[in-house]
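Me: Please take a close look at one helix and its surroundings. Keep it brisk, and give the cut-offs as you go.

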Amino acid sequence: MAFVTTAEVCDANPQLLVSGELRALQPIFQIYGRRPMFSGPIVTLKVFEDNVLVREFLEEKGNGRVLVVDGGGSLRCAILGGNPVVQAQNNGWAGIVVNGCIRDVDEINGCDIGVRALASHPMKANKKGIGEKHVPITIAGTRICDGEWLYADTDGILISRTELSV
């Protein structure tokens, strides 16, 4: 899809909003990275204060996908840092949305990728490798499933059951 703003998508698709096929995340995320607008098919991950699986996903080829991580909303440590974001950029991920914290903000802000997170935190995460891949998650008041589509810009983040066409 040629990128149109999330506001335009909402205005043009009231029936999808009413049916729940198109949902807006609550506006709780900070904007990081050099790509304020990004979109792509979603890969879901559920972890808590552990970043091993986050790093494993971002080591894979992204192919324009968006990694959406339910970090339980933890504000006690960062589950994403600069090195994995550089790797994600180099591997072709379109973006990363984290329901939790990140660190190495200056490095992330230098990367050509879109990143959303609740906040930054200097402490690193655990490294136990505990979590669930490709499972339905609920963040920012919205249920998100693997394979749905995410559209993000400076106005907010939309989730769609299918890829939207203009």
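Reply: What follows is a walk around helix α4, then a note on cysteines.

The model is predicted, so local features need pLDDT of at least 70, side-chain atom pairs count only at pLDDT 80 or more, and totals for chains, interfaces and linings use all residues. Numbering starts from 1 along each chain as its sequence is written, and side-chain values use heavy atoms, with hydrogens and water left out.

Helix α4 spans residues 82–90. Helices here are DSSP runs of H or I with at least four residues; strands are E runs of at least two, and both are numbered from the N terminus. The buried residues of α4 are G82, P84, V85 and A88. They cover an arc of only 165° around the axis, which puts them on the same side of α4. That arc is taken from the directions from the helix axis to the C-beta atoms. Buried means under 20% relative accessible area, exposed over 50%, and partly exposed in between, with a 1.4 Å probe and protein chains only. On the face turned away from the buried side sit the exposed residues N83 and N90.

**What covers it**

The cover over the buried residues of α4 includes α3 (52–59), β5 (78–80), β6 (95–102), α5 (105–109) and β7 (114–120). Contact means heavy atoms within 4.5 Å. G82 has a relative accessible area of 0%. Not counting residues up to four places away in sequence, G82 touches R103, D104, E107 and I108. P84 is buried at 3%. With neighbours within four places set aside, P84 contacts R55 and L58. Just after α4, G92 takes a positive phi of about 85°.

**The annotated spot**

An unreviewed UniProt entry marks G81, G82, N83, P84 and R103 as "binding site". They span 23 residues in sequence, yet no two of their C-alpha atoms are more than 10.8 Å apart, so they gather at one spot. UniProt positions follow the numbering used here, feature names are shortened, and annotations may be inferred rather than shown by experiment.

**Cysteines**

Searching the whole structure gives zero disulfides, a disulfide being a pair of cysteine sulfur atoms within 2.5 Å. The sulfur of C10 is 19 Å from the closest cysteine sulfur, in C145, too far for a bond. C10 is partly exposed at 22%. For C111, the closest cysteine sulfur is in C101, 18 Å away, again too far for a bond. C111 is buried, at 3%.
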